[in-house]
Amino acid sequence: MSQSSLHAELSQLGQQVLVFQGGGALGAYQAGVYEALHKAGIEVDWAIGTSIGAINASIIAGNAPTDRMDRLRAFWKRVEFGGWLDDYLPDALSTALRYWSAVTTGIPGFFEPNLVSRFGLQSPLESVDAGYYSVGPLRDTLRELIDFDVVNSGATRLTVGASNISTSEMVYFDTREEALDMRHILASGALPPAFPPVRIGDDFFWDGGVLSNTPVETVFDDNPRRNSMIYSVHIWNPEGPPPRSMHDVMNRYKDVQYSSRSAAHIKRQRQLHRLRHVITEIADHLSEDARSDPRVQNLLGYGCRTRMHVVRLLAPRLGYEDHSKDVDFSPAGIKQRWEAGYAHTMRMLDAAPWRSETDPIEGFILHETMAGESISTAAAME
């Protein structure tokens, strides 16, 4: 199928939405996903992200389509780190040394040690310094790669998630509601205790992954809701075997923590969307007099006919992964994840899971993919 034909087919399903989790170096998979969509001629209407997902999303939304791939490549090239270790050491040893090198010296283009935080846990600090590392290098990197005039132009809607420290509430900063700047992107990625909080107005914010690392809820709760084709990119593995070593415990713990109860969110949203469609179906069977009753009209306002196709892309495990995988900014690690994201998305587009026949009563259709191959379509006709 040609690019124009695929774009036209997907556009008929509604707005094209990218949803990116947080996960440090694992976010290279997201860049590969976008490259495949870009090559297929799919225009992104709305980019949503948390942490590294917010960085990738803001680079996409903050540049003209013709410049996006160059900017994404430039970002991931600048944060490459420790590749020389792979040339001389076994995977397990090079991974461990790269991790400890990042912990002690930081990652060029991303973060560096914040020396004022090293005087003891009780040492007083300004809130904006309350982290083990400074993200000054990241600020400089993104300043060159993101045009906030483009971000706020409305061409591609951008939403980034952050955690309000004072209220413990998830906050989504959205270009449809306000102008975004560098603070919002840095706030979304201010993961404690590594990075200090970011002040916006009178409030301080940490990484959105502290409360919800999978910001797909923003699409389902949007007002007004719109028909959507949603590419939800999961870089933490929601499923995995029980640990058999402390090494496994540390690795699996991160997966469980940052996969953000995705299965529960999906189940809840399917239920809510089905109820919305049920309400509209009931409305079709009411008389004109009944529908004109203000009380009935108020109740019918809870219904809608929007349909949301959600393609969930699951990033693969690399053979040598451990709990430090989110700081594996090695050239080999970035390359493998990027290429996997690209290949999986191209296979998904070829499979076109959205063409599956589904129950008309369903408003939320989940397409599970593994390595780009369709596993199942929830809400499919029996």
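Me: Where is serine 259 found in this predicted model?
Reply: Serine 259 sits in the loop between helix H11 (246-258) and helix H12 (262-283).

Me: Why is serine 259 called buried?
Reply: Its relative accessibility is 7%. Buried means under 20%. Serine 259 therefore counts as buried.

Me: Which residues does serine 259 contact, leaving aside neighbours within four places in sequence?
Reply: Serine 259 is in contact with Gln21, Thr214, Trp236 and Pro238.

Me: Where does aspartate 284 lie?
Reply: Aspartate 284 is in the loop between H12 and helix H13 (288-292).

Me: Why is aspartate 284 called partly exposed?
Reply: Its relative accessible area is 46%. Buried means under 20% and exposed means over 50%. The value for aspartate 284 falls in between, so the residue is partly exposed.

Me: What does aspartate 284 touch, not counting residues up to four places away in sequence?
Reply: Aspartate 284 touches Arg291 and Arg305.

Me: Why is serine 51 called buried?
Reply: Serine 51 has 13% relative accessibility. The limit for buried is under 20%, so serine 51 counts as buried. The residue is placed in the loop between strand E2 (46-50) and helix H3 (52-61).

Me: Why is serine 168 called exposed?
Reply: Serine 168 has 55% relative accessibility.

Me: What is the phi of serine 51, and what is the phi of serine 168?
Reply: Phi of serine 51 is near 60 degrees, a positive value in a residue other than glycine. Phi of serine 168 is near 60 degrees, also positive in a residue other than glycine. Most residues other than glycine have a negative phi.

Me: What is the omega of the peptide bond from proline 192 to proline 193?
Reply: Omega is near -5 degrees, and the bond is cis. Proline 193 is in the loop between helix H9 (182-188) and strand E7 (198-200).

Me: Is the peptide bond from asparagine 223 to proline 224 cis or trans?
Reply: This bond is cis, with omega near 0 degrees. Proline 224 has its place in the loop between helix H10 (217-220) and strand E9 (228-234). Most peptide bonds are trans.

Technical notes
Residues numbered from 1 in each chain as written. Predicted model: local features only at pLDDT ≥ 70, side-chain atom pairs only at ≥ 80, totals over all residues. Heavy atoms only, no water. Helix = DSSP H or I, 4+ residues; strand = E, 2+ residues; numbered from the N terminus. Buried < 20%, exposed > 50% of the residue type's maximum accessible area, 1.4 Å probe, protein only. Contact = heavy atoms within 4.5 Å.
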